[in-house]
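Student: I've got a model open and I'd like to learn how to read its helices and strands. Can you walk me through a few features?

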Amino acid sequence: MANNRRVKVGVVGCGGICRGTYMDNMMYRFNVIDVVGCADLIDSRAQYIADKYGVKKMTTEEMMNDPEIEVIVNLTYPESHFLISSEAMKHGKHVYCEKMMAPTFAEATELMRLAKENNVVFTTAPDTFLGAWEQSARKYLDDGIIGKPITIHAQCTSHYAPDTPFFDLEPRFFFFPLHYGGGFPFDLGGYYLHEMINLLGSVKRVSGFGGNLEPHRVYTNPHHPKYGEPFEVNTPTTLVGALEFECGAYGTFHISSDSFESHSFVMTGTDGTLILGDPNSFSDHITVHRNGANPERESITPGQMPKSDAGKPATGEDDNQVLGEWIDSQAIQLPILHGYSDSSRGVGLADMCYALLNGRRPRCHADIGYHAIEIIHAILESAKTGKTYEMTSRCPRPEPIPTSALSATAQEATLDN
Ligand SMILES: NC(=O)c1ccc[n+]([C@@H]2O[C@H](COP(=O)([O-])OP(=O)(O)OC[C@H]3O[C@@H](n4cnc5c(N)ncnc54)[C@H](O)[C@@H]3O)[C@@H](O)[C@H]2O)c1
């Protein structure tokens, strides 16, 4: 137990996510975090946070040289992640960095090296895999609800078309598609990859296709000041990867900002199927399809269709409908067993602080972020070479969080071990 000691942190990057979620959670939700100061390239942003929360406005340099500060919380946009995290490590600070840790695998590799060389703890977001539905899914899986995992499918597609009057007018916006390291695969892709690793562990081999489908684009909204002008996209926009997990399961990772909206996250096993939630959210439903869920129904035996409700064998044109109804009848929404069901960004930082105090491995250890970046890198490499990519990194599954009946802020006790 941490005996009420608190870890002093300095926050670099006072933009959207800092203002929107992190500061409230760091100041009022997690007792173990003690925010000393904040810094930003844009002075007014740091001033706003300093005034609102009563913390010190500092320069990044002051923060790096402040012996009181143990952890640098890097909430800058991805292009600055490498600079801030590497500086912090060189100053002997532990680092918690928002996603993804770096825009390239080479930079991520250098950060992992620097963390080791400077003997500091390095953790990375997203921490949503510590959320309520994600941890509950992990428990159900580990308890054997679907038997041995066989496949996982993650699909998230959308369209970042330059057809709004405000497209790219905030050019540093974190998922701005012109910047390498931005874009859908790095932004939303990270959430799916982290949850897949949380559930199934390391990936061994990757094959993939995709890349930047259309580098030359044009502003298409007449209300936009650059209407009709061309621009270049400099980041992968569509990736489809086939993943072989070390545990023997297979996965597909399908992510695109070139098509229309879709979301699907499904895991199958020898005894059932789990329909998973949105890994960008701490709260969602989990559903299981499983034999025995509805005992009065017949199960399908190979070569035989299920019987309809009236007990007659389903035949002809209605077969698919009956089969669909039968599958639906086996679906059960599972109770959520864990805390952190609301907007809990920063729970990974709180966990890291307890890890530092209690001398254990943090759940958001940078191994997971590094492994996720290597998977994206692997898909791009495989697409280029036409060959299967052998992963070089490995990541143990993070320790699960215990189930919690603790109320509100008392849930923090689940991290204090
Ligand atoms: N906005 C969201 O909804 C959201 C959600 C989850 C995660 N994130 C992650 O949080 C991070 C920040 O996102 P955001 O939306 O807050 O971005 P943002 O652009 O609103 O804020 C980033 C801030 O960092 C500052 N900054 C950049 N480089 C700096 C440097 N070298 N020194 C000091 N300050 C610097 C910028 O001035 C800016 O104020 C990203 O990694 C993003 O992936 C954002």
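Predicted model: local features only at pLDDT ≥ 70, side-chain atom pairs only at ≥ 80, totals over all residues.

Student: Which residues of α5 are buried?

Tutor: First the general idea: an α-helix has 3.6 residues a turn, so residues three or four places apart point the same way. Now the case here: Ala108, Leu111 and Ala115 are the buried ones to look at in α5. Seen down the helix axis, the buried residues of α5 fall within an arc of 55°, so they line one face.

Student: What do the buried residues of α5 pack against?

Tutor: They pack against α4, β6 (122–124) and α10 (366–385). Turn to the other side of α5 and you'll find Ala106, Arg113, Lys116 and Glu117 exposed. Just after α5, have a look at Asn119, which takes a positive phi of about 55°.

Student: On to the strands. In what order do they sit in the sheet?

Tutor: In general, strands of a sheet pair through backbone hydrogen bonds, either parallel or antiparallel. Here 6 strands form an open sheet with parallel pairing, and the order is β3-β2-β1-β4-β5-β6. The edge strands, β3 (56–57) and β6, each pair on one side only.

Student: Let's zoom in on β4. Which strands does β4 pair with?

Tutor: Strand β1 (residues 7–12) pairs with β4 in the parallel sense over 4 bridges, and β4 also pairs with strand β5 (residues 94–97), again parallel over 4 bridges. For the β5 side, Val73 has Tyr96 as its bridge partner.

Student: Are the faces of β4 covered or open?

Tutor: Both are covered: Val71 and Val73 on one side, and Ile72 and Asn74 on the other, are all buried.

Student: What unit do β4, α4 and β5 make?

Tutor: Together, β4, helix α4 (residues 78–90) and β5 make a right-handed β-α-β unit.

Student: Last one: how many residues surround the ligand?

Tutor: There are 24, and the closest are Gly13, Gly15, Gly16, Ser80 and Glu98. Both α1 (16–29) and α4 supply at least two residues each to that shell.

Note on methods. Residues numbered from 1 in each chain as written. Buried ≥ 20, exposed ≤ 12 C-beta atoms within 10 Å, placed from the backbone. Pairing = 2+ DSSP bridges. Right-handed = clockwise from strand over helix to strand, strands pointing away. Arc of directions from axis to C-beta. Contact = placed C-beta atoms within 7 Å. Near = placed C-beta within 6 Å.
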